[in-house]
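Work through the following exercises with the sequence and the model in view, and try each task before reading its solution.

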Amino acid sequence: MARSTKEEALETRSRILDAAEEVFYTRGLAQTSLADVAVAADVTRGAIYWHFKNKSDLFDAMCERVRLPMETLMATPSDKFDGDPLGHLRNAWIFLLKDASSNVRSRRILDIIFLKCELVDRSDPIWVRQHQCYLDGLANMERILKDAIQLKQLPDDLDIRLAAITLHSHVIGLLSNWLFSPSSFDLAAVAESLIDSCLDSLRYSLALRLKAEQVS
């Protein structure tokens with residue numbers, strides 16, 4: 001009986017997450033209440049509060065179902081790079097773009113985050129989560145770029161902070177543009193070329209080098 005109850009609870013939780021994904025995608029995050037999710041999932045509001053503390057908690061759980069740009073993909077420890085941090089970075093971003101193109105769930109959740117997540121209150125837990133995710137992602141990317149410099153994959157005088165911002169802006173801007181208009185270009189087809197072009201800018205752009213006064 002206990003096992004059956006646990007399985008039922010997991011099934012209910014999954015159904016709530018599926019419903020949240022559908023309603024957030026259709027109506028947007030701000031316009032959706034937990035009551036709307038309950039109706040879509042065919043459960044009571046009490047059932048939602050049994051599994052999730054509030055809408056922010058539900059949103060977090062929904063996001064955890066996919067690999068997000070600045071979280072999982074950038075969190076691999078240095079000892080997992082196999083001596084090729086730049087290759088790891090390249091493969092991570094290409095995977096993200098191709099997964100968004102081919103995986104329906106990934107695309108829908110990224111669409112919610114990029115286009116239907118109205119972040120206006122900086123004290124809102126969802127805003128706080130997204131902001132911290134961005135900062136942590138930049139820090140992880142800088143760590144990877146430092147490792148790449150040490151292995152001579154990138155110039156010694158690369159401005160690491162500026163390079164991380166450039167790469168992030170390039171990839172997130174590309175993903176955001178495609179989510180806004182998927183028919184405007186084939187994301188999977190251009191993913192490798194566009195990521196390679198950005199990595200080439202880290203190697204060769206003089207604008208991304210440290211100024212003379214910054215070099216110790």
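**Exercise 1.** The charged end of Lys 116 sits over the ring of which residue, and how many Å from its centre?

**Solution.** This is a predicted model, in which local features need pLDDT of at least 70, side-chain atom pairs count only at pLDDT 80 or more, and totals for chains, interfaces and linings use all residues. Residues are numbered from 1 along each chain as its sequence is written, and side-chain values use heavy atoms, with hydrogens and water left out. A charge sits over a ring if NZ of Lys or CZ of Arg is within 6 Å of the ring centre and within 35 degrees of the ring normal. The charged end of Lys 116 lies over the ring of Tyr 25, 3.7 Å from its centre. Over the ring of Tyr 25 there also sits the charged end of Arg 108, 4.4 Å from the centre.

**Exercise 2.** Find the angle at which helix H8 and helix H9 pack, and how they are oriented.

**Exercise 3.** Describe how helix H5 packs with H8.

**Solution.** H5, residues 85–102, packs with H8 at about 10 degrees, the axes being 11 Å apart. That makes H5 roughly parallel to H8 (under 35 degrees).

Conventions:
Axes are lines fitted to C-alpha atoms, for helices over the stretch in contact, and angles run from 0 to 180 degrees between N-to-C directions. Helices (H or I, at least four residues) and strands (E, at least two) are DSSP runs, numbered from the N terminus. Angles under 35 degrees count as roughly parallel, over 145 as roughly antiparallel, 65 to 115 as roughly perpendicular and the rest as oblique.
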